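This report looks at one part of a protein surface and at the aromatic side chains beside it. Please view the structure first.

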Amino acid sequence: MITDSITLITTKPLQLMDITEAVSQKIKELNITNGLLVVASHHTTAGIKINEQCDALERDFYAWAEKLAPSKANYEHNKVAVDDRPNAHSHLLSFLINTSETIIVKNGKMELGTWQRLFFIELDGPREKRTVNLTVLI
C-alpha cells in the first residue's frame, strides 16, 4: 500500500475542482504502474466525484445544489455550529456526494472513460487548506 495526499485551496463557497491532472501527476511521481487508487476527501463538507467536465453542467450543479439545500435557509445546525460557520446546507449536501472514489490504475494511468474527470467538490468554502488523501493498493 502506498499513501500520499494533495492539498488544495478553494476560493468559492461551492466549487467543483478538476483534480484529474494533479492526481495523475502523483501517480507518476509515486511510480505506480498498476493497482487500485482510493481518492478520499479528508473533510465532511467536501466530496470526491467522477463526472464530466462541462461548463454548462457545472452551472447546473450549482443551481441544483442551491435548490436542494438553500444556503440561506433556517437550519438547526447553524444555531449550534462549533466553528460559527452557517454551513448546515454543506453538511446536508455531503449526505448525497461521495467522500471517495476508487479508480483502477493500469499501465501508470487512471482508467477513466472518455469524458470522465475526477473532481474535488467544495461544499463549504472558501478554505485555505483542503486535503485529498490518495491510497494505492498494489
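Leu 68 counts as partly exposed because its relative accessibility is 44%, where partly exposed lies between buried (under 20% relative accessible area) and exposed (over 50%), with a 1.4 Å probe and protein chains only. The model is predicted, so local features need pLDDT of at least 70 and side-chain atom pairs count only at pLDDT 80 or more, whereas totals for chains, interfaces and linings use all residues. Residues are numbered from 1 along each chain as its sequence is written, and side-chain values use heavy atoms, with hydrogens and water left out.

Leu 68 is found in helix H2, residues 55-68, helices being DSSP runs (H or I) of at least four residues, numbered from the N terminus. Phe 61 and Trp 64 also lie in helix H2, 3 residues apart, about one turn of the helix.

| Residue | Relative accessibility | Class |
|---|---|---|
| Phe 61 | 15% | buried |
| Trp 64 | 41% | partly exposed |

The whole structure holds 2 aromatic pairs, a pair being rings of Phe, Tyr and Trp (its six-membered ring) with centres within 6.5 Å, stacked if the planes are under 30 degrees apart, edge-to-face if over 60 and tilted otherwise. Phe 61 and Trp 64 form a tilted pair, at 5.9 Å centre to centre and 35 degrees between the planes. Together with Tyr 62, Phe 61 and Trp 64 form one aromatic cluster.

Of the 138 residues of the protein, 39% count as buried. Along its principal axes, the C-alpha trace spans about 50 × 35 × 20 Å.

Key:
Helices (H or I, at least four residues) and strands (E, at least two) are DSSP runs, numbered from the N terminus.
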